[in-house]
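Dear colleague,

I am handing over the structure below, and I would be glad if you could look through it alongside the notes that follow.

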Amino acid sequence: MGLLVMILGLVLFFGVHSLTTQRELRARLVTAMGDGGYKIAYSLLSAAGLALIVWGFAHYRATGWIDVWTPPTAFKHITVALMLPAVIMVVASYVRGRIYQALKHPLLSGIKLWAAAHLLANGDLGSIILFGSFLGWAVFDRITLKHRADAGGPPIPVGGPSNDLIAIAVGVVAYLALGFAFHPVVIGVPVFGG
């Protein structure tokens, strides 16, 4: 049951996010609903999809775990190491500097690295579907960005190296918070020393 709910959530979440790649359809929806209405509907449907993903994955982990393969212990350490640059990339997509300019789309790069790292560390069916879906979507979205006439959002000013230092500092703090607080408490899996 949990796995099916998670898959339904993934379909809803990525279905809504795929509207961003369909510029003409998106424009028609914005015209029909108004910019505010579109954003509200987009946000509510995305949140509903995310809630279904979280609930479904938690239920699956508690009641229906299906092992596909057993990752070597070294893969878990590699995942912990890869998560630091992944978090920094996500932060760099909002605190734009040279990292942003070098990667062009650091949010998608961070999502791809996060998903690939978690695929290394998790060999169960639910994790493979969850992280594989995020990886596939991020690759798809990056490819579609190359073919879009517009970036899809208002431009955010790009700063210099000081923004990179801020992105790295915030990324390190977020990484430690995720590893020491969020992951063990919310996910139930210790990151450091576990």
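Please keep in mind throughout that this is a predicted model.

The buried residues of α6 are Gly 126, Ser 127, Leu 130, Phe 131, Phe 134, Trp 137, Ala 138, Asp 141, Arg 142, Thr 144 and Leu 145, and what covers them includes α1 (2-18), α2 and α5 (106-121).

Helix α2 (residues 23-63) packs with α6 (residues 125-145) at an angle of about 160 degrees, the two axes being 10 Å apart; because angles over 145 degrees count as roughly antiparallel, that is how α2 and α6 are described relative to each other. The crossing in which α2 passes α6 is left-handed. On the α2 side the contact is made by Ile 53, Phe 57 and Tyr 60, which meet Leu 125, Gly 126, Ser 127 and Leu 130 of α6. Sorted by class, this contact of α2 with α6 comprises five nonpolar and two polar residues, with no charged ones.

Finally, a residue elsewhere in α2: Lys 39 lies in this helix and has a relative accessible area of 48%, so it is classed as partly exposed. Between the C-alpha atoms of Lys 39 and Val 54, which are 15 residues apart along the chain, the separation is 22 Å.

Key:
Residues numbered from 1 in each chain as written. Predicted model: local features only at pLDDT ≥ 70, side-chain atom pairs only at ≥ 80, totals over all residues. Heavy atoms only, no water. Axes fitted to C-alpha atoms, helices over the stretch in contact; angles between N-to-C directions. Helix = DSSP H or I, 4+ residues; strand = E, 2+ residues; numbered from the N terminus. Parallel < 35°, antiparallel > 145°, perpendicular 65-115°, else oblique. Left-handed = near helix turned anticlockwise from the far one by under 90°. Contact = heavy atoms within 4.5 Å. Nonpolar A, V, L, I, M, F, W, Y, C, P; charged D, E, K, R; others polar. Buried < 20%, exposed > 50% of the residue type's maximum accessible area, 1.4 Å probe, protein only.
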